[in-house]
Amino acid sequence: MKKCTLCVDRIYNDHLPEEDRIPACVRACPTGARHFGDLGDPASAVSQLVAERGGYDLLPEFGYKPVNKYLPPRPRRDEPPPRLAHDPAPPAKVATSAAAADKLFAWVDRMLSA
């Protein structure tokens, strides 16, 4: 991170199309996990993303005031929505989970005993 210039040569290059004026790491990220923009402008897309997802500074106790924000992980697409505290758990799944856990612990016990 000490050598990173945020690709300043790309950002201010008037010969590049507007969509290419981003750091190379943002452009090349295959999962779209990196975003770039003006955090000083509350109307910018990156500022809105940070506000919506609860972006935070890493290690704020050091008082460095970094120029980047970290976003909490997005929910997985294959996970069911989280249960609310007042929703009862389905009894079949609890019993199945307990039985599976018992089998796992029995197997681990056999492996460690051998």
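Predicted model: local features only at pLDDT ≥ 70, side-chain atom pairs only at ≥ 80, totals over all residues.
**Confidence**

- The protein has a mean pLDDT of 83, and 84% of its residues reach 70 or more.
- Among the elements, α3 has the highest mean pLDDT, at 92.
- The lowest mean pLDDT among the elements, 76, belongs to helix α4, which covers residues 91–113.

- Helix α3 spans residues 45–53, and its buried residues are Val46, Ser47, Leu49 and Val50.
- These buried residues fall within an arc of 160 degrees when seen down the axis of α3, so they line one face of the helix.
- On the other side of α3, the exposed residues are Ala45, Ala51 and Glu52.
- After α3 comes Gly54, which has a positive phi, near 75 degrees.

**Aromatic pairs**

- How many aromatic pairs does a search of the whole structure find? The search finds 2.
- One of them joins Tyr56 and Tyr70, with 6.4 Å centre to centre and 35 degrees between the planes, and this pair is tilted.
- Tyr56 and Tyr70 both sit in the loop between α3 and α4, 14 residues apart, and their pair links distant parts of the chain.
- Tyr56 counts as partly exposed, at 41% relative accessibility, and Tyr70 is partly exposed too, with a relative accessible area of 35%.
- Phe62 and Tyr64 form a stacked pair, because their ring centres are 5.6 Å apart and their planes are at 20 degrees, where planes under 30 degrees apart count as stacked.
- Phe62 counts as partly exposed at 48% relative accessibility, whereas Tyr64 is exposed, with a relative accessible area of 67%.

**Cysteines**

- How many disulfides does the count come to? The count comes to 0.
- Cys4 is in no disulfide, and its nearest cysteine sulfur, that of Cys25, is 6.1 Å away; a disulfide needs the sulfur atoms within 2.5 Å.
- Cys25 is likewise in no disulfide, with the sulfur of Cys4 as its nearest cysteine sulfur.
- Both cysteines have some accessible area: Cys4 is partly exposed, with a relative accessible area of 42%, and Cys25 counts as partly exposed at 34% relative accessibility.

**The largest pocket**

- The volume of the largest pocket is about 880 Å³.
- The largest share of the lining, 4 residues, comes from α3.

**Loop residues and contacts across the sequence**

- Is Lys69 buried or partly exposed? Lys69 is partly exposed, with a relative accessible area of 35%.
- Lys69 lies 30 residues from Leu39 in sequence, and the two are 9.0 Å apart in space, C-alpha to C-alpha.
- Gly40 is found in the loop between α2 and α3, where it is exposed, with a relative accessible area of 63%.
- Gly40 and Val67 are 27 residues apart along the chain, and their C-alpha atoms are separated by 9.8 Å.

**Putting it together**

Notes:
Residues numbered from 1 in each chain as written. Heavy atoms only, no water. Buried < 20%, exposed > 50% of the residue type's maximum accessible area, 1.4 Å probe, protein only. Helix = DSSP H or I, 4+ residues; strand = E, 2+ residues; numbered from the N terminus. Arc of directions from axis to C-beta. pLDDT = per-residue confidence, 0-100. Phe/Tyr/Trp six-rings, centres within 6.5 Å; stacked < 30°, edge-to-face > 60°. 1 Å grid on protein atoms, 1.4 Å probe; cavity = no way out; pocket = protein on both sides within 12 Å on 5 of 7 lines; lining within 4 Å. Points joined across faces, edges and corners; volume = space filled by probe spheres on them.
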